[in-house]
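User: Please examine the structure shown here and answer some questions on its strands, helices and chain contact.

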Protein chains: 2
Amino acid sequence: MDLTNLHWLSAAEAAGMIRDGVISSVQLVEACLARVRDVDGQVQAWAFLDPEHALAQARAADEFRLSGQPTGPLHGVPVGIKDIIDTADMPTENGSVLHAGRTPSRDAAVVSLLRGAGAVIMGKTVTTEFATRTPGKTRNPHNPAHTPGGSSSGSAAAVAAGMVPLALGSQTTGSTIRPASYCGVYGFKPTHGLVPRHGMFQLSRTLDHVGLFARSLEDVALLLEQLAAHDERDPDSRPRARVPYRAVVAQEPPLPPMFAFLKTSLWDRVDGDAQKAFEELVDNLGDRIEEIELVVATDEVLEWQRAIGGAEMAISLRREGDEARDQLSPALRSRIEQGRAVRAVDYLGARANIPELNGSLIELFEQRYDAILTPPAFGTAPAGLESTGDPAFCALWTLCGIPALNVPLMQGTNGLPLGVQLVGARHRDAQLLRTARWLVTHLEASSTP
Amino acid sequence: MDLTNLHWLSAAEAAGMIRDGVISSVQLVEACLARVRDVDGQVQAWAFLDPEHALAQARAADEFRLSGQPTGPLHGVPVGIKDIIDTADMPTENGSVLHAGRTPSRDAAVVSLLRGAGAVIMGKTVTTEFATRTPGKTRNPHNPAHTPGGSSSGSAAAVAAGMVPLALGSQTTGSTIRPASYCGVYGFKPTHGLVPRHGMFQLSRTLDHVGLFARSLEDVALLLEQLAAHDERDPDSRPRARVPYRAVVAQEPPLPPMFAFLKTSLWDRVDGDAQKAFEELVDNLGDRIEEIELVVATDEVLEWQRAIGGAEMAISLRREGDEARDQLSPALRSRIEQGRAVRAVDYLGARANIPELNGSLIELFEQRYDAILTPPAFGTAPAGLESTGDPAFCALWTLCGIPALNVPLMQGTNGLPLGVQLVGARHRDAQLLRTARWLVTHLEASSTP
């Protein structure tokens with residue numbers, strides 16, 4: 001057993017090996033910590049990481065297993081947590097100097113769920129300022145001169161660079177899908193309300209989602225299976241029957257899936273390189289894909305997204321905006337001002353579009369398509385660290401609250417990753433992951449001579 | 001059997017007699033129609049009433065029963081429906097010339113539930129303009145020079161005048177409790193979301209409730225038992241275990257209830273007459289009642305109520321406000337303008353107070369009190385028909401979405417009815433009705449020499 005490469009194991013592989021006693025959690029966490037030492041000087045994915053505390057959890061996990069007690073599905077596996085998600089044993093600073101040194105007294109719902117599944121909470125990953133647009137320190141692990149995307153910058157980069165197999169982020173516009181595409185990992189935004197948000201910094205009740213990062217589809221399903229839960233403290237959480245995500249993603253779809261290729265009116269602004277890659281992908285899928293157009297204009301969607309997100313953000317950051325304006329970035333200050341100016345009727349009008357939009361998408365999904373296939377972003381990670389890139393390709397799916405997945409399938413001519421975004425029907429998260437697996441398998445088969 | 005007074009039967013009595021074949025639904029409905037002919041020229045409770053159609057339903061109910069098929073709990077019993085609640089077989093005009101002749105294609109959820117219980121849908125009762133403040137034609141059945149209250153004017157008056165034993169209304173501020181007090185009947189606003197609102201004109205998703213009118217507590221419970229149901233088409237409806245409301249209201253409370261007497265800062269504006277009546281009532285209850293104060297100021301509550309109700313109304317009436325301003329009353333026009341000016345942050349800030357308010361009320365209910373006892377209005381029905389009176393005493397309970405009941409217990413020196421408002425804990429609707437029965441029984445016993 002080569003212990004020096006354990007950090008590239010998938011979570012499912014690692015959990016299996018720990019369960020079977022092939023490796024220990026301490027060995028796995030040590031490999032991940034070694035990887036952090038090797039690469040994080042450049043990547044800077046972590047807002048907080050105490051190696052001793054991570055190892056202490058790993059030791060406890062190993063002792064627990066050796067005591068013969070039954071272990072959870074992530075027993076001994078390290079997970080990175082975006083620094084807007086509360087942890088009782090580590091600071092949670094929300095990417096702002098205003099919350100520097102903030103130490104919550106309780107774990108967020110998702111952190112409790114992870115601990116219940118046996119996970120080691122590795123550390124806190126870098127977020128942009130309050131999960132908005134002003135970047136943190138993280139760089140793209142594929143090229144440090146490029147942004148990792150945001151706002152879940154550290155989570156995407158940490159998973160991509162092999163520092164942890166799994167990480168949690170969030171998405172209010174495109175904060176999971178976009179960095180996943182830029183960093184070349186799977187990023188999943190589940191159906192709104194499926195994963196409880198209690199204990200996560202609330203930017204927008206209507207738009208906030210917990211985001212999942214992993215390097216394999218099986219790992220996305222494994223992680224989602226731990227996190228999909230009812231929690232009354234999240235007002236949008238509802239009791240639901242348990243779905244065996246891992247089992248569904250492993251199934252062959254009953255029929256080969258049918259994809260809807262959606263360029264949107266943003267297509268003209270997509271990099272030529274990326275346009276070409278998408279066109280090849282569509283060619284490759286032949287009669288399994290059809291180009292579609294939506295009735296709704298992207299500009300309108302972005303306007304609704306701004307009204308809802310802006311007003312709700314202005315409420316969430318009311319105290320900060322009133323009492324500590326100077327310590328907010330100028331960009332955030334100006335977004336708060338814009339949010340404060342939104343009229344209630346425009347806010348409510350924008351929200352009223354959500355069920356209508358979902359109604360038209362349900363038809364599309366029920367009548368013909370298993371998934372919409374569309375770019376996650378305008379191209380590969382932009383050069384420079386002053387912006388985290390444009391989330392416009394993610395806004396509609398976030399607004400609708402339907403599942404969206406970045407599949408790290410392609411590469412730009414610059415060598416940087418380029419993802420494919422798949423979007424599925426509300427509460428068909430498991431089927432979307434299964435459709436994605438079909439796509440990956442199909443493309444692997446067709447590219448093998 | 002004296003068939004000329006059947007219209008004064010309670011719904012429970014009438015349903016029992018129909019079930020046992022003592023009277024027919026046709027006889028009951030004929031008696032109610034005769035009462036309408038006698039008194040409605042003066043009261044004017046009905047926006048739509050087709051005697052032939054009501055009798056046709058009654059005949060069908062009688063035939064169904066005679067066929068030996070099992071019948072529902074309201075089999076053959078006529079119910080009045082506020083004219084903002086859709087009926088597939090009658091117009092629903094929402095109290096506005098703008099919707100004159102509007103004929104919905106489907107029954108509202110509550111109308112379907114009533115038909116399922118065997119009820120005869122008697123007709124549509126007068127509402128104020130779009131269930132807001134501009135009065136309809138109805139007069140107080142106790143004195144035609146006085147308002148019946150609103151917005152459920154016709155429902156309260158029809159039940160009070162013996163034209164139907166039951167009626168449905170609605171409450172967005174005080175539209176059920178206030179007219180029930182003015183007209184001297186039971187009026188009940190259940191917990192928010194308990195009774196589905198699909199197919200009822202939506203003024204405000206946050207504040208709208210279906211309201212119930214009856215002349216006995218048993219009838220309130222009987223009616224609620226038919227209406228408390230989950231309906232996915234109402235976004236605030238949730239699946240819940242069935243509660244046997246009638247059985248609970250018939251029970252003796254495990255302990256004599258404890259009441260919290262709440263004057264609020266509005267007390268100084270309460271009629272001297274009503275103040276005196278309340279003080280006597282409190283004396284009568286002795287050590288079963290304690291005066292309390294709330295931390296929240298009534299002015300603040302009214303401001304939050306205006307922000308939420310105003311903005312949501314401005315959205316609901318957007319088209320009418322844009323395209324047909326001239327056909328709205330000046331008062332409604334001006335309220336729409338005010339609603340349009342509300343900022344989203346103020347709207348959201350107001351809404352954020354609801355869970356906090358409920359938190360503080362839960363403590364009060366869990367620690368000591370079975371019900372809050374407070375005025376339903378500033379006194380008996382004001383003279384004049386140009387206003388439906390002031391709903392301020394109802395605003396907090398509507399905002400909190402907790403159950404509120406008008407108990408027609410008292411009289412002003414002018415001979416007009418004066419109610420007592422009881423308020424209970426969220427989702428303890430059944431217990432509140434039981435507490436009310438204790439109160440009524442206790443006062444009857446103590447007033448008997």
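Analyst: Two strands pair if DSSP finds at least two bridges between them. Helices (H or I, at least four residues) and strands (E, at least two) are DSSP runs, numbered from the N terminus. This is a predicted model, in which local features need pLDDT of at least 70, side-chain atom pairs count only at pLDDT 80 or more, and totals for chains, interfaces and linings use all residues. Residues are numbered from 1 along each chain as its sequence is written, while chains are lettered from A and ligands numbered from 1 in the order in which they are written.

User: Do strand β9 (residues 371–374) of chain A and strand β11 (residues 417–423) of chain A run parallel or antiparallel?

Analyst: In β11(A), A:Q421 is the bridge partner of A:T374. The two strands, β9(A) and β11(A), are joined by 3 bridges, and their direction is antiparallel.

User: Which residue in β9(A) stands opposite A:F259?

Analyst: Strand β7 (residues 259–262) of chain A runs parallel to β9(A), with 3 bridges between them. The residue of β9(A) opposite A:F259 is A:A371.

User: Are the residues A:A371, A:I372, A:L373 and A:T374 of β9(A) buried or exposed?

Analyst: A residue is buried if 20 or more other C-beta atoms, placed from the backbone, lie within 10 Å of its own, exposed if 12 or fewer, and partly exposed in between. A:A371 and A:L373 point one way from β9(A), and A:I372 and A:T374 the other way. All of them are buried.

User: How are helix α7 (residues 217–227) of chain A and helix α15 (residues 429–447) of chain A oriented?

Analyst: Their axes, lines fitted to C-alpha atoms over the stretch in contact, are 10 Å apart. The packing angle, on a scale from 0 to 180 degrees between N-to-C directions, is about 170°. Because angles over 145 degrees count as such, α7(A) is roughly antiparallel to α15(A).

User: Which helix supplies the largest share of the side of chain A that touches chain B?

Analyst: Contact requires C-beta atoms, placed from the backbone, within 7 Å, and 13 residues of chain A are in contact with 12 residues of chain B. On the chain A side, α10 (298–316) and α13 (344–367) each supply at least two residues. The largest share, 6 residues, comes from α13(A).

User: Which residue just after helix α5 (residues 153–160) of chain B takes a positive phi?

Analyst: Helix α5(B) is mostly covered, with 8 of its 8 residues buried. Just after α5(B), a positive phi of about 80° is taken by B:G162.

Notes. Parallel < 35°, antiparallel > 145°, perpendicular 65-115°, else oblique. Contact = placed C-beta atoms within 7 Å.
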